[in-house]
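I opened the notebook to record what I could look up in this structure, going from helices to core, charges and surface.

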Amino acid sequence: KFFLFLHDSVDPETILSAGFDAGISQGENDDPSFGQGGKGYAKRLGVSYVDEVQFRFFKEFAYPTIFSEDPRYYRMGQGPVRRRFLHAVAHSVVAYNDHSRPMFNFSEWVGEISAISLGNLYHPGARRGFAPAAQNLAFDVGLDIGYDELREFWPEIARKFRLPFRDQNEPLPNAIPAGR
């Protein structure tokens, strides 16, 4: 779990996500004390990256270790679309423990709450209080559901649109087996 956290913390996706979030924050002038221009963006980028890393710390390492939970999402990969869709949504509530038994997804909820609470300490212009925290929690859990949906259906999307971002080991449908 610790190595999963470390790997994901330096993954290019994490850095790109922090850059994207910093750009949105810059455009909306969130935390106006950061200012605008390159200096303001750099401050927002740093804070966004810290947000990403501390969120991953809680959600992929600390709480999964405490609750003996597997923090990863497992694709169904086949079956009716509705069932796969609901499987991805259910992951926000149901996780699996280290013995593959279903359990409440503590790392999702307690991890998000911890990350939001800690983020309020170092975001100078953060809206504080229960209502903003609840809005952030709902947004972040919704975003995680969206990522799980993307993980579930990405191979089919990539194949349909002939995108280069698909698992190279996954055979194309109706592919001729090797040796024929």
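Before checking any helix length, I noted that the expected span of a helix is 1.5 Å times one less than its number of residues. I also kept in mind that this is a predicted model.

**Helix α2.** I looked up helix α2 (residues 12–28), which has 17 residues and reaches 24 Å from its first C-alpha to its last, close to the 24 Å expected at 1.5 Å a residue. Its buried residues are Thr14, Ser17, Ala18, Gly19, Ala22, Ser25 and Gln26, and what covers the buried residues of α2 includes α1 (2–9) and α3.

I then turned to glutamate 52, which lies in helix α3. Is glutamate 52 buried or exposed? I find that glutamate 52 is buried, because its relative accessible area is 11% and buried means under 20%. Leaving out residues up to four places away in sequence, glutamate 52 touches Thr14, Ser17, Ala18 and Asp21. Glutamate 52 also forms a salt bridge with arginine 56, with the closest N and O atoms 3.8 Å apart; the two are separated by about one helical turn, because they are four residues apart in helix α3. Arginine 56 is buried as well as glutamate 52.

**Other salt bridges.** I noted eleven salt bridges in the structure. In one of them, the side chains of glutamate 156 and arginine 84 meet at 3.0 Å, N to O. Glutamate 156 lies in helix α6 (residues 130–160) and arginine 84 in helix α4, so this pair ties together parts that are 72 residues apart in sequence. Glutamate 156 counts as partly exposed at 28% relative accessibility, whereas arginine 84 counts as buried at 5%.

I also looked up aspartate 148, which forms a salt bridge with arginine 151, the closest N and O atoms being 2.5 Å apart. Both residues lie in helix α6, three residues apart, about one turn of the helix.

**Nonpolar core.** The largest nonpolar core has five residues, namely Phe55, Phe58, Ala62, Tyr63 and Ala115, and helix α3 (residues 37–66) gives the most to this core, with four residues. Apart from neighbours within four places in sequence, phenylalanine 55 is in contact with Glu112, Ala115 and Asp144.

**Surface.** Last, I recorded a nonpolar surface patch of about 310 Å², made by Val93, Val94, Tyr96 and Phe104. Valine 93 is found in the loop between α4 (81–90) and β2 (94–97), and it counts as partly exposed at 40% relative accessibility.

How values were computed
Residues are numbered from 1 along each chain as its sequence is written. This is a predicted model: local features need pLDDT of at least 70, side-chain atom pairs count only at pLDDT 80 or more; totals for chains, interfaces and linings use all residues. Side-chain values use heavy atoms; hydrogens and water are left out. A nonpolar core is a set of buried Ala, Val, Leu, Ile, Met, Phe, Trp, Tyr and Cys residues joined through side-chain atoms within 4.5 Å. Buried means under 20% relative accessible area, exposed over 50%, partly exposed in between (1.4 Å probe, protein chains only). Contact means heavy atoms within 4.5 Å. Patches are made of residues with over 30% relative accessible area and no salt bridge: like charges are joined within 9 Å, nonpolar side chains (Val, Leu, Ile, Met, Phe, Trp, Tyr) within 5 Å. Accessible areas come from the Shrake-Rupley method with a 1.4 Å probe; for residues, only the protein chains shown count as cover. A salt bridge is a side-chain nitrogen of Lys or Arg within 4 Å of a carboxyl oxygen of Asp or Glu.
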